[in-house]
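Here is a short briefing to read with the structure open beside you.

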Amino acid sequence: MDELELKKLIAAVKHGTLPRRRFVRMVAAFGLTAPMATQLLTWSGVAHAQVKSAYKPTKRGGGGALKLLWWQGATLLNPHFAVGTKDQEGSRIFYEPLAGYDDDGNFVPILAAELPSVQNGGLTADGKSVIWKLKKGVQWHDGKPFTADDVVFNWEYSADPATAAVTIGTYKDLKVEKIDSHTVRVLFDKPTPFWAEAFCGTRGMIIPKHLFEPFKGAKSRDAPTNLKPVGTGAYRFADFKPGDMVRGTANMNYHEPNRPFFDSVEMKGGGDAVSAARAVIQTAEFDYAWNMQVEDEILLRLEQGGKGRAEIVAGGNIEHIQLNATDPWTEVDGERSSLKTKHALFTDPAVRQAMSLLIDRKSVQDHIYGRTGVATANFLNNPEKFRSKATKFEFNVEKANAVLDAAGWKRGADGIRAKDGKKLKVVFQTSINAPRQKTQQIIKQACQKAGIDMELKAVVASVFFSSDVANPDTYTKFYCDMQMYTTTMTQPDPQVFMNQFTSDEVATKANKWQGRNISRWRSDEYDKAFQAAHSDLDPVRRAALFIRMNELAVGSNHIIPVVFRPRVSAQAKQLRAVLSGWDNDLWLLRDWYKEV
Amino acid sequence: VGQYLLRQLLIVIPKVIGISIVLFTILALAPGDPFEELATNPAVPPEVRANLRAQFGLDDPVAVRYVRWSTAMVKGDWGFSFASRVNVDDLILQRLPTTLLVIGSSIVIALVIALVVGIYAATRPYSLFDQIAGTLALIGFSLPTFFTGILFILLFSITLDWLPFVYRADISTTGWRWFWEHFKQMIMPVSVLALFQAAQWTRYVRSAMLDVIRLDYVTTARSKGLAERIVIMKHVVRNALIPVVTIVALQMPTIFGGAIVTEQIFRVPGIGSLLIAAILANDTPVIMAVTFVLSCLVILFNLLADIAYVWLDPRIAYR
């Protein structure tokens, strides 16, 4: 799909001939996130989708207690220090952003009175500023009014390096100014097609100026409000025990009518995913459990009891295989997998193509992941009907054999192929995790049939994913021929996500293996496209560039997507939770209720 | 007696210092980084991580960090958790009541069972009661708590649906209901721990009793015409308790350490689960504080056991 095609599609949406949702799906098939697709539409002057709420209760409170189970407990409640999603979720009970993303990638105004658009003058043609109109009459839980000063303060707080906020990446390259008491302007240094990151979604929760102002910068740790949040959310803070329990009570002055439904909410932490699934689906002790990293087989068995169900939403997580572009077995200047070397086998495109043909994604989905892993050839969910257009995947041992034969890899006496004295022997590593070891087995069997000798290696997750410079088994060192893990797309805008294939991001000894290009695959064309996307004013052209980058990376067969991993949660039967794959689980906690 | 105690007390000081140095060095050398999650998140610039490391003093050499930590510790400042940025002593105090309640009551129950069953079995060796108690004890301590815990959950929570298996330290009800809910959720973790402990201790009590019961002075006491009750309680039990005290005292620190596995299974927010979470998050100040408290407790209870010996058998102090 190129720029022209993309423009045609957008025009079709504008004229109402192509449904919005279909557009989002089509673009997703080419590797763009749903929020990104929505942004394309707003820039092109298509009005924001009016997101209808399915919320039914007609009065506040009366719903009893909502019991949430997080198998990793929240450890702190300041969204600007939230290291993992568990902390973001804990904070999200009390704090709100200006807008959130729903499951289709649409923006839903929360503390904003209306969404910025071309029509209302919120978005300017140069892409360098956004005007947000704030909702009036919103009160912090202590009764103070929520104003533009609070929004400006959040930028100052996060962008100050001394605060050491983890959200700094979102706020450091922009400026925020107050227009009036309920209007702010966000100014970008350079044209920023993806304008809805600051103050939106997981990194956009807003903390009160009047309580945090004395604790900006180096004193940030001392703020008592770090542990006793005062937000604008539908639930007020009651109690917090780090790593164990967060409790809140209904905010009877909430700024939306008839909300919240529950009288109190509690988020219990600890334990493991399987027993959390049991506590919700099988015994109904809890109403909701997050991040069910449980095999589908177990979930299906638990669901037979009928007390709860597993709920699945799409997101941006991809389980993929990387073929090392460098030689992991030769040490150059104190590092293996050095850029000065080339991989003995994978430099041959035929070997890479054969490897891609030998990965039985469908079996991996059917026999291992079930609903929790959908076979894909792409870096994003790939709806059935657009598969023909997108990069195709197939599992075909004969074809793999033919490709290898044609390239001159001849079988030896032991059945292992060789060429120019180099045997087709590879070591394939991943972290220890039952589904991954099963996937390794499936791939190894197929490789045997094609005359490739594969040695499997499994590394403890805490070592594999660590950034320990001294350990040779980390995934960033990649001292191995092939490896498999899940890459997560934490931001809706792909700019940061896609830098993991650029040449200057290669993980090396010089950058202590902190570079993000772990496969060490390099392409001039990709680098050029990435640079072009970085500064392109035109959002549509930029989107087309991302699609091209995705094609390049996947097309090289150095990066082989296996399954797309949606987010799975467990829910009690009567609970109606509004979930989104692009935002926190609790992004719209105010709309959660129980069917009587 | 005073000199004996003083000597024991003086030995404690170098022990504590030695333990703290070893612990600190091991933790400092162990792989991992409290801000690892930040390193793998592309949206967080590496400077944030560097900044946090500098702010929390993680970039200094181990020796400098040890001196800073120990001087602060002497002044009563335990430092703060890297993960939650809460003071470590607050974190431990938050978890302490639950740990004391759950593990404490399981130890009390275990002790009662062990003493009653052990003494009764020893007075009637090889009777039917003794055989049954012996078999049960063997089964009890052969089954690890993670197995019995899951078995209990399967039986009482999932099949019978009688008891909850997620422990909640703050229950928002009041009055009798509050008491009842606490009682209900404590049944499983407490009995899993109590049965395991009781099984071990029963065997100790029984064998210690049998060692003593055959001694000449017991026969003398019986031939003096003392009632069997007095012979057992005053003459046998008191002497048989000496080895039992050692065993029990050495296991006391686990009250504070919590039963890590059981706490994890039932999600009991005790010190054990705090320790596990801290280890997984590489949260050095918390690991350091908890393990340090634990090792101090081991030393303390050793000391108490020494004192208890003196009380049970005054001859020990002069030897």
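**Salt bridges within chain A**

The side chains of Glu525(A) and Arg548(A) come together in a salt bridge, at 3.1 Å from N to O. This pair ties distant parts of the chain, with Glu525(A) in helix H16 (residues 524–535) and Arg548(A) in helix H17 (residues 539–555) of chain A, 23 residues apart. Please keep in mind that this is a predicted model.

- Glu525(A) counts as partly exposed because its relative accessibility is 42%, and Arg548(A) is likewise partly exposed at 33%.
- Over all chains, a search of the whole structure finds 39 salt bridges.
- Another of them joins the side chains of Lys419(A) and Asp348(A), at 3.8 Å from N to O. The two partners lie 71 residues apart, Lys419(A) in strand E15 and Asp348(A) in the loop between E12 and helix H10 (349–357) of chain A.
- Is each partner buried or exposed, or something in between? Lys419(A) is partly exposed, at 25% relative accessibility, whereas Asp348(A) has 16% and is therefore buried.
- Asp414(A) and Lys423(A) form a salt bridge through their side chains, at 2.5 Å from N to O. Asp414(A) is partly exposed with a relative accessible area of 47%, and Lys423(A) is partly exposed at 39% relative accessibility.
- A network of salt bridges links Lys135(A), Glu256(A), Arg259(A), Arg590(A) and Asp591(A).

**A three-stranded sheet**

- Strands E14, E15 and E16 of chain A make an open sheet in that order, with antiparallel pairing.
- At its edges are strand E14 (410–411) and strand E16 (422–423) of chain A, each pairing on one side only.
- E14(A) is joined to strand E15 (residues 417–419) of chain A by two bridges in the antiparallel sense. Here Lys410(A) sits opposite Ala418(A) of E15(A).

**Strand E20 and its partners**

- Strand E20 (residues 559–572) of chain A is mostly covered, with 12 of its 14 residues buried.
- Strand E12 (residues 308–323) of chain A pairs with E20(A) in the antiparallel sense over 12 bridges. Within this pairing, Glu311(A) has Ser569(A) as its bridge partner.
- Strand E11 (residues 288–289) of chain A runs antiparallel to E20(A) and is joined to it by two bridges, with Ala289(A) opposite Ala570(A).
- Strand E13 (residues 374–375) of chain A also has two bridges to E20(A), again antiparallel. Ala375(A) stands across from Val563(A) in E20(A).

**A look at Pro109**

- Pro109(A) belongs to strand E3 (residues 107–109) of chain A, and its 32% relative accessibility makes it partly exposed.
- Beyond neighbours within four places in sequence, Pro109(A) is in contact with Leu98(A), Ala99(A), Leu115(A) and Arg590(A). Arg590(A) also belongs to the salt-bridge network given above.

**Where chain A meets chain B**

- The contact involves 54 residues from chain A and 42 residues from chain B.
- Together the two chains bury about 3900 Å², of which 53% is on carbon and sulfur atoms.
- Two salt bridges cross the interface of chain A and chain B. Lys307(A) and Asp161(B) meet in a salt bridge through their side chains, at 3.2 Å from N to O.
- Which element gives the largest share of the side of chain A that touches chain B? H8(A) does, with five residues.
- By class, that side of chain A has 22 nonpolar, 15 polar and 17 charged residues.

Terms used:
Residues are numbered from 1 along each chain as its sequence is written. Chains are lettered from A and ligands numbered from 1 in the order in which they are written. This is a predicted model: local features need pLDDT of at least 70, side-chain atom pairs count only at pLDDT 80 or more; totals for chains, interfaces and linings use all residues. Side-chain values use heavy atoms; hydrogens and water are left out. Two strands pair if DSSP finds at least two bridges between them. Helices (H or I, at least four residues) and strands (E, at least two) are DSSP runs, numbered from the N terminus. Buried means under 20% relative accessible area, exposed over 50%, partly exposed in between (1.4 Å probe, protein chains only). Contact means heavy atoms within 4.5 Å. Buried area is the accessible area (1.4 Å probe) that two parts lose on being put together, summed over both. A salt bridge is a side-chain nitrogen of Lys or Arg within 4 Å of a carboxyl oxygen of Asp or Glu. Ala, Val, Leu, Ile, Met, Phe, Trp, Tyr, Cys and Pro count as nonpolar, Asp, Glu, Lys and Arg as charged, and the others, Gly among them, as polar.
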